Amino acid sequence: MDTKKIQLVTFDLDGTMLDDEWAHAEANRRLGIKLGVDHTRLGRLTGYSVRRRWEELCRLAGVEADIEEIAREHFAITLEIVKAERIPEAPGLTPTLQTLRERGYRMAIVSSSDESFVREVADYLKVTPYIDFFVTQNQVKNLKPAPDIYQYALAQAGVPACCAVGVEDSEPGTLALHRAEMFTVGFLNEGKNHQVLEQIDAQIQRMDQLLPLLEQLEKR
């Protein structure tokens with residue numbers, strides 16, 4: 001019988017498992033040029049869904065466009081950049097996942113991106129063998145900052161929120177975790193992430209700092 005207090009650890013993908021937010025921004029830039037839309041009009045909107053961004057951008061610009069096609073093209077461009085630029089994993093990611101697996105934790109990637117993109121990036125990072133399941137925009141209607149995506153993950157794992165920890169890099173992501181009543185960890189990526197994360201219970205600069213944090217939580 002599993003006696004650990006924490007049984008599930010979830011990871012956001014974009015900006016958390018790898019620093020690819022700039023690749024998404026470049027995809028937005030290229031699509032903006034193609035569509036004749038100012039892609040910077042809404043600011044960064046980091047952590048929000050691609051579809052939400054482009055629905056609003058096209059509405060403001062008075063442009064009629066196939067949002068699903070834009071999303072497919074966005075993720076294709078972003079994946080191409082990730083691979084071409086050989087974007088590395090977050091500091092300490094793979095060793096941390098290896099240790100978590102050895103210690104018996106279940107792990108999930110929870111992302112507002114498309115499932116096909118999330119799985120391809122996980123394969124690119126070679127972390128898929130450590131992941132028990134994926135939850136993406138394909139499974140839920142309301143995305144981050146709504147708690148639905150994390151509530152779905154908890155249901156999939158069959159564990160209560162008090163037995164789960166989530167790692168996020170954005171305000172919408174950490175807010176979604178907080179609203180789902182999970183222990184919320186903000187990932188700062190060795191100072192490269194400058195977002196203000198207010199609804200967090202702890203913060204880490206590197207992924208391997210998650211291990212001593214979990215040890216502390218187990219002792220509570």
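Q: Is arginine 86 buried or exposed?
A: This is a predicted model, where local features need pLDDT of at least 70, side-chain atom pairs count only at pLDDT 80 or more, and totals for chains, interfaces and linings use all residues. Residues are numbered from 1 along each chain as its sequence is written, and side-chain values use heavy atoms, with hydrogens and water left out. On relative accessible area, buried means under 20%, exposed over 50%, and partly exposed in between (1.4 Å probe, protein chains only). Arginine 86 comes out at 68%, so the word for it is exposed.

Q: Where is arginine 86 found, and what is its phi?
A: Helices (H or I, at least four residues) and strands (E, at least two) are DSSP runs, numbered from the N terminus. Arginine 86 is in the loop between H3 and helix H4 (93-102). Its phi is positive although the residue isn't glycine, with a value near 50 degrees.

Q: Which value does the phi of lysine 126 take?
A: Lysine 126 is in the loop between H5 and E3. It counts as exposed, at 65% relative accessibility. This is another residue other than glycine with a positive phi, here near 65 degrees.

Q: How do H3 and H5 run relative to one another, roughly parallel or roughly antiparallel?
A: Axes are lines fitted to C-alpha atoms, for helices over the stretch in contact, and angles run from 0 to 180 degrees between N-to-C directions. The axes of H3 (residues 67-84) and H5 (residues 115-125) come within 11 Å and cross at roughly 5 degrees. Angles under 35 degrees count as roughly parallel, over 145 as roughly antiparallel, 65 to 115 as roughly perpendicular and the rest as oblique. That makes the H3 and H5 pair roughly parallel.

Q: How many residues of E5 are buried?
A: On one side of strand E5 sit Phe183, Val185 and Phe187, and on the other Thr184 and Gly186, with both faces covered. In a regular strand, side chains alternate between the two faces of the sheet. For E5 (residues 183-187), the buried count is 5 of 5.

Q: Which residue of E6 is the bridge partner of phenylalanine 187?
A: E5 runs parallel to E4 (residues 164-168), joined by 4 bridges, and glycine 166 stands opposite threonine 184. E5 is also parallel to E6 (residues 202-204), with 3 bridges, and there glycine 186 stands opposite glutamine 203. Phenylalanine 187 has as its partner isoleucine 204.

Q: What is the relative accessible area of valine 135?
A: Valine 135 is found in strand E3. Leaving out residues up to four places away in sequence, it touches Ile109, Val110, Ser111, Ile149, Tyr152 and Ala153. Valine 135 is buried, with a relative accessible area of 0%.

Q: What is the omega of the peptide bond from lysine 144 to proline 145?
A: Proline 145 is in the loop between E3 (133-135) and helix H6 (148-157). The bond is cis, with omega near 20 degrees.

Terms used
Pairing = 2+ DSSP bridges. Contact = heavy atoms within 4.5 Å.
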